[in-house]
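Morning, everyone. Please look at the model on the screen while I talk.

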Amino acid sequence: MMEEGFSLGDVAATALVTLYCHAIETRSESPILSDPKSVEITTVLDPVLSRSGDLLEQTLAKGALDPMLVVHIAIRAKKYDHYVLDFLAQYPDGVVVNIGCGLDSRFLRTDNGAMHFYDLDLPEVIALKKLFFTETGRYHLIASSVLDDAWLSVVSAHSGPFLFLAEGVFMYLGSEAVKSLVLRLREHFPGSELVCEVVNAFWLKKPLNKLVEYKMRRRLHFGKDAVFRSGISRSDEMEGWHPGIRLLDDWSYFDSGEKKLGWLKIFSRFRLFRYVQWTVHYRLE
Ligand SMILES: C[S@@+](CC[C@H](N)C(=O)[O-])C[C@H]1O[C@@H](n2cnc3c(N)ncnc32)[C@H](O)[C@@H]1O
């Protein structure tokens, strides 16, 4: 696969962006995130992507990503690692499902020797991931859209407890798809926890959506199909979808107090900026 190159759809290709952010940050001075696997993978991908005619792939091979994007993605990955570690501190043999995992190596960063960990992504991403990761009795790869139901029965073979993560994923799905997925997770895995990143629906309305699209296309070189399709307006919005859904907490990049955010930290004081793109953590009863 690697000799002849590979081709990912626009949404799947966003996984390469977060992978390269991890690798760049890992190699930096005082890294926010230590992810040696991302360095290993990008070292193999670099020559392949540098031969690509695709602007995003060429940009990645040159490591020419926006430094603030790198910092944000690293802060987010570290926080999501902590969601897993906190969950495992309570439930050492719990089950973690990383929805839209991309090429991330969270299992290697958080494994406690007892948990089960499922990485789920579109088949084209998992085919690439299989070149670098090996399944074990506790580490599993699922090649499926999260919107296809078959994977639910694979995971529900375990008794739980379950933690579902969706880091940088739900915004690429339609609003109805996200709602029905959350309701199905609640139905199949009562008592589970869901940690997912959301964007503010405010920024998805015309004409503000054009600003977001401009940033994604021009600054980040995302393909035309990698667009944000859904968002919410308040952290507790999903509580209105079912009486059993309860907000536990929310988190914004600014909460990290990370030094590398520099002057951007002042935005934490403004609600409008704090809740542009943030993370919500629910219990699904
Ligand atoms: C921005 S990347 C994030 C990857 C990873 N979570 C991370 O933070 O490094 C978005 C990921 O969502 C995946 N994705 C998008 N739609 C999906 C779907 N319907 N089912 C499964 N995965 C999906 C993409 O393939 C991609 O890997």
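The ligand is surrounded by 20 residues. The closest are T18, G100, D121, V146 and E167. A residue is near a molecule if one of its heavy atoms lies within 4 Å of it.

Two notes on the source. This is a predicted model, where local features need pLDDT of at least 70 and side-chain atom pairs count only at pLDDT 80 or more, while totals for chains, interfaces and linings use all residues. Residues are numbered from 1 along each chain as its sequence is written, and side-chain values use heavy atoms, with hydrogens and water left out.

Where do they come from? α1 (14-27) and β2 (116-121) each supply at least two shell residues. α1 gives the most, with three. Helices (H or I, at least four residues) and strands (E, at least two) are DSSP runs, numbered from the N terminus.

Now the polar contacts, meaning pairs of N or O atoms within 3.5 Å. A ligand oxygen is 2.6 Å from an N or O atom in the side chain of D121. A ligand nitrogen lies 3.1 Å from a polar side-chain atom of S145. For V146, a polar backbone atom is 2.9 Å from a nitrogen of the ligand. Alone, the ligand exposes 600 Å², and the protein buries 96% of that. Those areas come from the Shrake-Rupley method with a 1.4 Å probe.

Next, salt bridges. How many does a search of the whole structure find? It finds 18. Each is a side-chain nitrogen of Lys or Arg within 4 Å of a carboxyl oxygen of Asp or Glu.

Take K37 and E40. Their closest N and O atoms are 3.1 Å apart. K37 is buried at 15% relative accessibility, whereas E40 is partly exposed at 41%. Buried means under 20% relative accessible area, exposed over 50%, partly exposed in between (1.4 Å probe, protein chains only).

R109 and D104 also pair, at 3.0 Å, N to O. Both are buried.

Last pair: E213 and K210, with N and O 3.9 Å apart. Elsewhere, shared partners join D35, R76, D81, D104, R106, R109, E167 and E197 into one network of salt bridges.

Terms used:
A polar contact is a pair of N or O atoms within 3.5 Å; within protein, one must be able to donate a hydrogen and the other to accept it, and residues adjacent in sequence count only if both atoms are side-chain atoms.
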